[in-house]
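Load the model in your viewer and keep the selection panel open.

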Amino acid sequence: MSETKTAVDAGQSLLPTYARYPIALVKGEGSWLWDDQGNRYLDFMSGIAVTNLGHAPKRVKEALVKQLDELWHVSNLFRIPNQEEAAKLITDNSCGDAVFFGNSGAEANEAAIKLARRYQQLVQKNGRYEIITFEQSFHGRTLATLTATGQAKVKEGFAPLPEGFVTIPLNDLAALEATISDKTAAIMLEMVQAEGGIYPVDMDYIQAAKALCEKHGILLIVDEIQTGIGRTGKLFAYEHFGIEPDIFTLAKGLGSGFPVGAMVAKEKLREGFTAGSHGSTFGGTPIATAVVKATLETIVGDSLPARAAEQGEYLMTQLREKLQGNAFVRDVRGLGLLVGIECAEPIASILVEAQQKGLLVISAGPNVIRLLPNLLVTTEEIDSAVAILAELLESKRPN
Ligand SMILES: *Cc1c(COP(=O)(O)O)cnc(C)c1O
């Protein structure tokens, strides 16, 4: 230890980028977590929409352990059979034709932004670079993706930000028409704004926006990082809206808790990238893509998107019924198992009260309680969570 340092708690060796709860979770199984004091929690946040198959899902664990015995890493300078098979599972089950693997959501969105620009500039040769994004959106924490994000708080102190991004209100077709120009390379959005407060995009709007994109040669990028992998009741949320993106991005649920992200593009975009135009040392390792394969085989093979649709309907119906007449609750909304309870006031303290009653939930913006159970959640588990929330919210009154 250097002489200028004094001894600190282990936790103080971390940068303070998170306001952490004083709970250390040490074991998980299905919908349940245990802390280091032996307390048990019903997990309705799934590590922020990551553990869509619950904690330590058997089939994925077996694939991971098998791969750990065989091979960990070789580099993308070689063919990686797991990566090719994982990509095929994605393209066979989506509108996409070609996949690039990275390690996180932000990297998947970076890849999407890069591919959109490179396709416009080198294939279409039109010099377009501008990406239109939307207020209250969330696209990640790298410099490009925080610039794309429509929330001032994530940009504070990071100037100068990259050029070529413009943010407009969502569901406002006139604003979109007024913003499109001969510089517009792509528009980028979530089908349900998740971090922004659980706001599904309007059906009419997204269909009109897609038509505008086609008319003007603009690419449509859909960020499915939180909404994808069955979460909303379809494998990918764009399927609800009768449109097909040119590019969509995945991460969170893609690896069941193992870090992996992917950018998926339509055929015409293939020539936007050539050997050497983009890359990632760890993107799509044999281990990561063994996990992706087992995750997708389970989600698709066991029809879990349909299950998420059913259980999501049940969860929202129960919440509406049990919270009916509660003046503190403004709205219950969502799509599949991406559900929000909008309240009249900030809910940070309610999250802590829920933890004390053994239920883990998170926020989506200051006033919305966000519920993200795993896709295998049982009706009994939903009933328990709703009972805890109804009891907690019972005593709240708007000021
Ligand atoms: C979480 C998230 C991201 C960022 O993903 P990271 O893996 O944290 O980089 C991007 N977009 C959406 C919609 C997200 O929910």
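A cavity, on a 1 Å grid over the protein atoms alone, is a set of points where a 1.4 Å probe fits but cannot get out; a pocket is an open set with protein on both sides within 12 Å along at least five of seven lines; lining residues have an atom within 4 Å of a point. Grid points are joined across faces, edges and corners, and a volume is the space filled by probe spheres set on the points.

This model is predicted: local features need pLDDT of at least 70, side-chain atom pairs count only at pLDDT 80 or more, and totals for chains, interfaces and linings use all residues. Residues are numbered from 1 along each chain as its sequence is written, and side-chain values use heavy atoms, with hydrogens and water left out.

**Stop 1: the cavity**

How many cavities of 30 Å³ or more does a search of the whole structure find? The search finds 1. The largest cavity holds about 30 Å³ of space. Select His73, Val74, Ser75, Asn76 and Ile80, then Thr281, Phe282, Gly283, Gly284, Thr285 and Pro286: these residues line the largest cavity. Color them by class: Ala, Val, Leu, Ile, Met, Phe, Trp, Tyr, Cys and Pro count as nonpolar, Asp, Glu, Lys and Arg as charged, and the others, Gly among them, as polar. The lining has 4 nonpolar, 7 polar and no charged residues.

**Stop 2: the second largest pocket**

Next, select Gln83, Val99, Phe100, Phe101 and His278. Of the 30 residues lining the second largest pocket, these lie nearest its centre. The volume of the second largest pocket is about 830 Å³. Show the secondary structure: helices (H or I, at least four residues) and strands (E, at least two) are DSSP runs, numbered from the N terminus. Helix H3 (81–92), strand S4 (98–102) and strand S12 (261–265) each give at least two residues to this lining. Its classes are 14 nonpolar, 12 polar and 4 charged.

**Stop 3: the largest pocket**

Move to the largest pocket, with a volume of about 1,800 Å³. Select Tyr18, Ile48, Arg141, Glu195 and Arg370, the closest to its centre among 45 lining residues. Helix H1 (46–49), H4, helix H10 (348–356) and strand S16 (362–363) each supply at least two lining residues. By class, the lining has 22 nonpolar, 14 polar and 9 charged residues.

**Stop 4: the ligand**

Where does the ligand sit? It sits in the largest pocket (more than half of its atoms lie within 2 Å of the grid points). Select its shell, the residues with a heavy atom within 4 Å. The shell includes Ser104, Gly105, Asn109, His139, Glu190, Asp223 and Lys252. Helix H4 (residues 105–123) gives the most, with 3 residues. The shell has 3 nonpolar, 6 polar and 3 charged residues.

Now draw distances for polar contacts (pairs of N or O atoms within 3.5 Å). A polar backbone atom of Ala106 is 2.8 Å from a ligand oxygen. A backbone N or O atom of Phe138 is 3.2 Å from a ligand nitrogen. A polar side-chain atom of Gln226 is 2.8 Å from a ligand oxygen. Taken alone, the ligand exposes 380 Å², and the protein buries 81% of that (Shrake-Rupley method, 1.4 Å probe).

**Stop 5: the backbone**

Return to Ile48, in helix H1. Ile48 is not a glycine, yet has a positive phi of about 65°. Finish at Ala159 and Pro160, joined by a cis peptide bond with omega about -5°. Pro160 lies in the loop between helix H5 (143–148) and strand S6 (165–168).

Key:
Polar contact = N/O pair within 3.5 Å; in protein donor to acceptor, adjacent residues only side chain to side chain.
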